[in-house]
Amino acid sequence: QVQLEESGGGLVQTGGSLRLSCAASGRTFSAYAMGWFRQAPGKEREFVAAITWTLGSTSYAASVKGRFTISRDNAKNTAYLQMNSLIPEDTAVYYCAAQSYVFRPYDYWGQGTQVPVSS
């Protein structure tokens, strides 16, 4: 099966930037898309961004559009989330996930990485 591991999280100040990485391992990786989700304390998990592996088509939540950029390195089986102009509302545990097939739920999840944004 596929294992996903996030890295790059850490404390950042308002207005700062951070890049998260998500490396896939465990088997020959194949998926339709990679996505980033986040969960703030006491809140439900929410969608942040996604990218397809083939064409690199992207989608973003309205709250992060224009500030976050998702990308992928197919050769490294790694997805990235570049986060700029961070605000305290971005504080959350960020999870990467893999979607094996279009229109299907994300079926592989990482352990999460903490991103506290100080004011």
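## Basis

This is a predicted model, in which local features need pLDDT of at least 70 and side-chain atom pairs count only at pLDDT 80 or more, while totals for chains, interfaces and linings use all residues. Residues are numbered from 1 along each chain as its sequence is written, and side-chain values use heavy atoms, with hydrogens and water left out.

## Aspartate 90

Aspartate 90 lies in the loop between β8 (78-83) and β9 (92-99), where strands are DSSP runs (E, at least two residues) numbered from the N terminus. Because its relative accessibility is 0%, aspartate 90 counts as buried (under 20% relative accessible area, with exposed over 50% and partly exposed in between, for a 1.4 Å probe and protein chains only).

With neighbours within four places in sequence left aside, aspartate 90 is in contact with Arg38, Arg67, Phe68, Ser85, Val115 and Val117, contact meaning heavy atoms within 4.5 Å.

## Largest pocket

The lining of the largest pocket consists of Arg38, Gln39, Ala40, Lys43, Glu44, Glu46, Pro88, Glu89, Thr91 and Ala92; here a pocket is an open set of points on a 1 Å grid over the protein atoms alone, where a 1.4 Å probe fits, with protein on both sides within 12 Å along at least five of seven lines, and lining residues have an atom within 4 Å of a point.

## Arginine 19

Arginine 19 belongs to strand β3 (residues 18-25) and is partly exposed, its relative accessible area being 47%. Beyond its neighbours within four places in sequence, arginine 19 is in contact with Ser7, Gly8, Tyr80, Leu81 and Gln82.

Terms used
Helix = DSSP H or I, 4+ residues; strand = E, 2+ residues; numbered from the N terminus.
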